Amino acid sequence: WLVDEFDRYKMLRLARDGKEEDYKLFCGLDFGFVDPTAFIAGVAHEKTRTLYICHEYYAQGATNQEIVAAIDHLGYKNDTIYADSADSRSINELFLLGLLNIFPAKKGSDSVLAGIQKLQDYTIVIHPTCSNFHLEISNYAWEKDRQTDMLKEKPAHDFSHTMDAFRYGTQDVCRDTFSFGVVGTPF
């Protein structure tokens, strides 16, 4: 991954106008309250296997109304958003508050590891304004077993909020070549 001052509005235009099929918009949302709520929006360029992180929202103690207002302010209210499926009540409330294209992220067995492996195949370019994403990706680490001090095949909870939102949002990137969970069943 790298931080770069790319033209995020040009990337978003390419993804939204539909003329360039290699560009795909993605948006993901990880719920929190004591932990931060994290929203990530970006553009995938599938031909070069590059993911551009364009915008983020990151806040502790945010209400669902504040989340909708922030996503609307960033300009993603009408875009497809994949959110943590563990909180279906918040997904429903966000829908009722105006996020009409919010859906639960599809999760299967080992979907976290599969999502991490998928994202490792991409170059990740972070806009400098996405400082929380940059901080979390810089500190993302595997959990350690407390008794043996050995690494587990599970990411540590610290610095995982934007990473989870990122995984949820990119679930449709390269759908034809990658799937989570059930073998042979793309998303």
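Helices (H or I, at least four residues) and strands (E, at least two) are taken here as DSSP runs, numbered from the N terminus. On that basis the chain holds 6 helices and 9 strands. The structure is a predicted model, in which local features need pLDDT of at least 70 and side-chain atom pairs count only at pLDDT 80 or more, while totals for chains, interfaces and linings use all residues. Residues are numbered from 1 along each chain as its sequence is written, and side-chain values use heavy atoms, with hydrogens and water left out.

Of the 187 residues in the chain, 46% are buried, where buried means under 20% relative accessible area, exposed over 50%, and partly exposed in between (1.4 Å probe, protein chains only). The accessible surface of the chain, from the Shrake-Rupley method with a 1.4 Å probe (for residues, only the protein chains shown count as cover), comes to about 10100 Å², and 49% of this belongs to carbon and sulfur atoms. Taking a contact as heavy atoms within 4.5 Å, 58% of the contacts between residues at least 6 apart in sequence join residues at least 24 apart.

Strand 3 is mostly covered, with 9 of its 9 residues buried. Thr37, Phe39, Ala41, Val43 and His45 point one way from this strand, whereas Ala38, Ile40, Gly42 and Ala44 point the other way. In a regular strand the side chains alternate between the two faces of the sheet.

| Strands | Sense | Bridges | Residues between them in the hairpin |
|---|---|---|---|
| Strand 2 and strand 3 | antiparallel | 8 bridges | 6 residues |
| Strand 3 and strand 4 | antiparallel | 9 bridges | 4 residues |

His45 in strand 3 is the bridge partner of Tyr23, and Tyr57 in strand 4 is the bridge partner of Phe39. In the turn between strand 3 and strand 4, Arg49 has a positive phi of about 55 degrees.

Helix 5 (residues 131-139) has Phe133, Glu136 and Ile137 buried. Seen down the helix axis, these buried residues fall within an arc of 95 degrees, so they line one face of helix 5; the arc is that of the directions from the helix axis to the C-beta atoms. The buried residues of helix 5 pack against strand 3 (37-45), strand 4 (50-59), strand 7 (123-126) and helix 6 (161-169).

Phe95 lies in helix 3 (residues 88-96) and, at 37% relative accessibility, counts as partly exposed.

How values were computed. Pairing = 2+ DSSP bridges.
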